[in-house]
Amino acid sequence: MLRYALRVGDDPLRDAIEEEFVVERDGWASERVQRVTERLQRDVPAANRLETLVVWLDDHNAFTAQGRTIYVSRRLLERLADDDAAAFVVAHELAHHRLGHIPDLPRSWLGVARMPLIWLQQRWITTSAREHDADQLAIELCIDAGYDPERCIAALEYLGQVSLDYGDVDGVLGPESGGGGRRSHPALQVRIAAVRDHLAAMRRGIRLPLDATIQRERRRRRVALAVASGAVGVVALLVLRRPSS
Ligand SMILES: [Zn+2]
């Protein structure tokens with residue numbers, strides 16, 4: 001089994017997760033995510049592959065951040081029936097990287113306030129539009145890797161069962177009012193329907209326009225970073241120009 005040779009300091013946000021939470025490195029859950037992560041990236045040079053860690057979190061979720069690591073909670077893996085469902089979850093996070101959704105923060109920022117930066121990156125990544133695109137590319141990646149699309153889509157159904165277990169009916173069906181509410185993630189039934197639509201489109205030969213999406217995202221990210229650096233610059237200017245008392 002391929003093991004990655006990441007050193008402490010190569011991936012500062014991953015170091016923060018490893019310091020803060022228990023990471024499970026042996027047993028079926030870790031073997032499952034390693035197996036699917038490698039299969040989904042079988043065409044990617046080893047040096048450019050991402051790695052998936054099984055993390056003991058309270059939530060049933062998966063996320064990623066700047067760096068080369070995907071994090072899947074142990075609790076979520078316990079609810080996924082097979083490799084195909086786990087592959088969809090990992091492929092969705094891989095898709096955020098391939099679609100250019102991950103903000104490229106200056107490396108000097110990553111040495112400080114790492115957990116807040118991870119949280120901020122989640123806020124940036126999980127808009128409705130980005131979640132939709134990541135689901136679409138995820139099903140493409142899964143099919144290309146030979147996974148069964150129905151079993152992959154079942155990952156979203158398992159997530160729906162978890163939401164219902166916790167009484168989050170809106171998270172599955174959408175808000176009763178029909179509006180988007182304050183949620184960044186689309187309702188799970190909407191996500192499932194969109195993935196099924198894309199599956200039908202793929203069968204007609206249509207694929208996600210990956211290059212155009214990446215260019216659009218990178219442009220958006222550059223503008224956001226320019227605005228952020230500009231804001232820091234203005235604050236610095238105001239502080240510097242403040243008359244000394
Ligand atoms: Zn996502």
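## Exercises on a predicted model

Thr-69 has a relative accessible area of 1%, so it is buried (under 20% relative accessible area; exposed is over 50%, partly exposed in between, with a 1.4 Å probe and protein chains only). Before we start: this is a predicted model, where local features need pLDDT of at least 70, side-chain atom pairs count only at pLDDT 80 or more, and totals for chains, interfaces and linings use all residues. Residues are numbered from 1 along each chain as its sequence is written, and side-chain values use heavy atoms, leaving out hydrogens and water.

### Exercise 1: the strand around Thr-69

Work out which strand holds Thr-69 and in what order the strands of the open sheet come.

Step 1. Thr-69 sits in β4; strands here are DSSP E runs of at least two residues, helices are H or I runs of at least four, and both are numbered from the N terminus.

Step 2. The order is β1-β2-β4-β3, with mixed pairing across the four strands. Two strands pair if DSSP finds at least two bridges between them. At the edges are β1 (23-24) and β3, each pairing on one side only.

Step 3. Now zoom in on β3 and β4: they run antiparallel and share three bridges. Ala-62 is the residue standing opposite Val-72 in β4.

Step 4. Back to Thr-69: its C-alpha is 5.4 Å from that of Leu-50, 19 residues apart along the chain. The Thr-69 side chain also makes a polar contact with the side chain of Arg-14, at 3.4 Å. Polar contact means a pair of N or O atoms within 3.5 Å; within protein, one must be able to donate a hydrogen and the other to accept it, and residues adjacent in sequence count only if both atoms are side-chain atoms.

Step 5. Follow Arg-14 and you land among the buried residues of helix α1 (residues 12-20), which are Pro-12, Leu-13, Arg-14, Asp-15, Ala-16 and Ile-17. Their cover includes β2 (51-55), β3 (62-64), β4 and α5 (114-125).

### Exercise 2: the zinc site

Find which protein atoms are donors of the zinc ion, and explain why the arrangement is irregular.

Step 1. List the donors (N, O and S atoms within 2.8 Å of the metal, or 3.2 Å for Na, K and Ca; water is not among the atoms, so sites may look incomplete).

Step 2. Check the angles. The four donor atoms subtend 54 to 129°, which makes the arrangement irregular.

Step 3. Read the spacing along the chain: H-x3-H-x34-E. His-96 in helix α4 and Glu-131 in helix α6 are 35 residues apart, so to speak a link between distant parts of the chain.

Step 4. His-96 counts as buried because its relative accessibility is 1%, and Glu-131 counts as buried at 2%.

Note on methods: Contact means heavy atoms within 4.5 Å. Four donors count as tetrahedral if all angles lie between 85 and 135 degrees; four count as square planar and six as octahedral if opposite donors are over 155 degrees apart and all others between 65 and 115; anything else is irregular.
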